[in-house]
Structure formats: structure tokens, C-alpha cells
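Good morning, and thank you for coming.

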Amino acid sequence: MTPRIDRFDADEVASGLISYLDDSPTPFHAVATSAEMLEAEGFTQVDETAALPAEAGRYYLVRGGSLVAWSTEGLGADAPASTGFRVVGAHTDSPNLRIKPRPDVTSVGFAQLAVEPYGGLIANSWLDRDLGLAGRVTLRDADGVNGVRSVLLDVDEPLLRVSRLAIHLDREVREGEALNAQRQLVPHWSVSPNAPAFTTWLAGRLGVDSTDVLGWDLMTYDLTGAARIGLDGGLIASARLDNLATSYAAVRALLDAVGDPQGPLDAIPVIALFDHEEIGSMSERGAFSQLLPAVLERIVLARGGDRQDHLRALASTVIASGDMAHATHPNYADRHEPGHHITLNGGPVLKINTNLRYATDGVGTAAFRLACQQAGVPMQEFVTRSDLPCGSTVGPMTAALTGATTVDFGAPTLSMHSVREVCGAGDQAMYVACLASFLDPA
């Protein structure tokens, strides 16, 4: 059997990721970009308030900054309603600075916008950056659902900046700086005495009356685009690699799995791109919500099954939870487990923690290892040093909510949670190939 990696051109996949990153400054835009990719290959959006179609096909639904997509068209004609799922999970959100509800502030002649840090951002990486503004704005609309409608906004302009204090005024800055989030991360956007109120400016950008602006989910982002870097272009530098690299790989993998399957599918392929992972996933659309379990059950019911069939389906389901993995840093090699060094362009990373900060166990390990072998790509194994705390992701949550075998994995990266992260350009095709093999095992 031809290895799945042979289906993918490494440069094309890397270029596709770069475009995806640039088109997705917020979780809402990442969902819209993913939906465009899916619809181009025959996926149909389903309104979450409507019944799921009984007909076999390719479908997706959206809840805010989250998206779930699946296909039932590749199943054999006699596939029972209790057929299990193969699920790839990822998340669409990244640490950033988000606009407060009453953002207008002034200081010594500067017009500024009050922000609140979202997630575990490396604060000083946001200093001296040209920042744009993007997200979702909710407007009054008598014809909308419940009298409102939401629109996406992307101000791809150098609108905001958080300026660093000059070294002459802080001689200890070279020893490291601790920033006060309330006072020292406030971006400025004008020195004009006639700067408009934020709501007035926002309404003008959208062409609506300021009284019709009812709410927003707006965030700043670094305007520097994703790019290949290094002597041979072997690396990709960008914002939001954590975790849009996995979101992109999941979409590409699903398209490959349903577009050219190895044969009749033995399980229903699903991808779940969750919002709010960086702040604990405790929301109506996070991994700790009923979003994924409810969609899986609705798929079973739409195929003519019942609650018993749903529980049987979960018993044979395997979930692969994807988030970026720490590559071994050349300047801080001592911060990594000595026997588990992770290299960029070294292949997908299995993430293991005996205290289940990652959900991986031996059964999940086997499923992911087989996927990598069938894809024809190497697999790396990450373990945190025993004397350092271990991070976590959506894997343990989805495992607990579904009872399904779950494995955590990632792609190697440096500078995680910085405004600009780094990953291997060659890793991305391997990432897609192993996930496609996981969704469509031989």
C-alpha cells in the first residue's frame, strides 16, 4: 500500500498553512476559513437548530468560534447505526489582548483602548508590535435571530501599539521585565485630541449607527504575516500556530479521508475545532461543553439509531486530541526530558503524562502509532520532566465526556504562547498525512 504521505507535497501544505494563518486572526475567522475549505469540497452547513440530515453526506455546523464537521457518505451500505467515530480535536483560540466593554481611556494626551489578557500569553512579546483588530461584532437587526445579527470584522491595519519603556528609563529591563496587565499592556492608537470614542469608530467601520452596536468579541493581533524562515526555509514563523496548525491539519486530513478513502469507512470521520481551550474550555462551545457529545449522538439518531446505538458507538470511538507540542529548545535543552528530545521536522508528537494531563494510554498510543506507520511518517514521544509541571489540552475533557479512547498528540513548536511562534515547515505534510490515516485507517 502506498504511504499516505506520498499524496502530499510538503511545500504546498506549508504554503496552505501560511495562508490559513493569515486568513484567521481570530477563532471566528478560523471557523469561517475552515468552512470555506470544507464547502469547496462538497460539505454542507447544517443549522444547529435544524434536524441533522438522514441522508448520507458531508456536513458541518458552527457554534461561534467552534466547528464540527463529519461525513457519513463513505460508510458501507450495511454499516449499523452503532458505527463508531474517529474524531480529531483541535482548538481555534490563541492568547491575545481583548478589548474591554468600555475601552476608552486617556493618559498624558494618548487615546488608548483598555484590554484584558486572554489566556497565558507571554506579555512582553506583544510590545513594540503593529497590531490590528479583529473579531465578531453583534448588531441590532430586526430581521436577525432574536433581533440581532453578528458580523466579522478584520482591521488589517497598524491601528494599535503597546510601546516598550526606553532602556534609559528602566536600566533593569535587560534582566527581564514583569508587566502589569492593567497598566502596562494598554495599547495606544492616537495622540489626537479629537480621537473618536471606540464605539463611534467601530460603527463607522461597519457602516451602522453607534446605537446599533450591542456587543463585541474583539481582539488584537500582530500584523506580521506568517512566513517561511531559516537558511533553507525549513521553518515557519507566525502568530497562532498554537493551535491553528492543528486546526488546518484536521481540515486537510478530513478532506483527504473522505475524498480518497482507503476503502469503505469502518468509522465515521469527525473533526471538532473548539474555542476557549486557552482559558479552560468551560463555555457553551468549548471542549468541556456538550457540543461534541451532542453532535455525535445526533449523528447516530439521524442515521436511525437510538440511545443504545449511541452508547455502543462511543464504546468503539477513538479520539485524537491535537495541540502543539514543545520541541527541544537548543538554548534550554536542560528544560526538557533527556530521553525524549523533540525535533522540528521530525514528525508528529505523541504526548504522554502518567497523571493524565494528557489523555494518552497504551490503547490510544497504539491507534496513533499505527496511523503514523500507515501514513509513512516518523512519530516522536513527548514527556515533561518529572520535576516540572505538565500542561494540558482538550484530550482529558473529551475523554471524560464521551468515555471514548483518547490520545493526545501535537506538532513540534518553539516559543509557544509568544506573539510569534515557530514550527517546522516539513512537519506540516506529515501532520496532515498521519491525521488522514487516523480518520481513515487501513
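How much space lies in the largest cavity? The volume is about 160 Å³. This is a predicted model, in which local features need pLDDT of at least 70 and side-chain atom pairs pLDDT 80 or more, while totals for chains, interfaces and linings use all residues. Residues are numbered from 1 along each chain as its sequence is written, and side-chain values use heavy atoms, without hydrogens and water.

On a 1 Å grid over the protein atoms alone, a cavity is a set of points where a 1.4 Å probe fits but cannot get out; a pocket is an open set with protein on both sides within 12 Å along at least five of seven lines; lining residues have an atom within 4 Å of a point.

The largest cavity is lined by 18 residues, with Ser94, Pro95, Asn96, Trp126 and Arg240 closest to its centre. Strand 10 (residues 213-222) gives the largest share of that lining, three residues.

The largest pocket holds about 840 Å³ of space. Its lining has 36 residues, and His326, His336, Phe382, Gly391 and Met416 are the closest to its centre. Strand 15 (325-326) and strand 19 (412-414) each contribute at least two lining residues.

The second largest pocket holds about 630 Å³. Among its 21 lining residues, Val62, Arg63, Gly64, Arg136 and Ser150 lie nearest the centre. Helix 2 (27-39), strand 2 (58-63), strand 7 (131-145) and strand 8 (148-160) each supply at least two residues of this lining. Helices (H or I, at least four residues) and strands (E, at least two) are DSSP runs, numbered from the N terminus.

Definitions and conventions:
Points joined across faces, edges and corners; volume = space filled by probe spheres on them.
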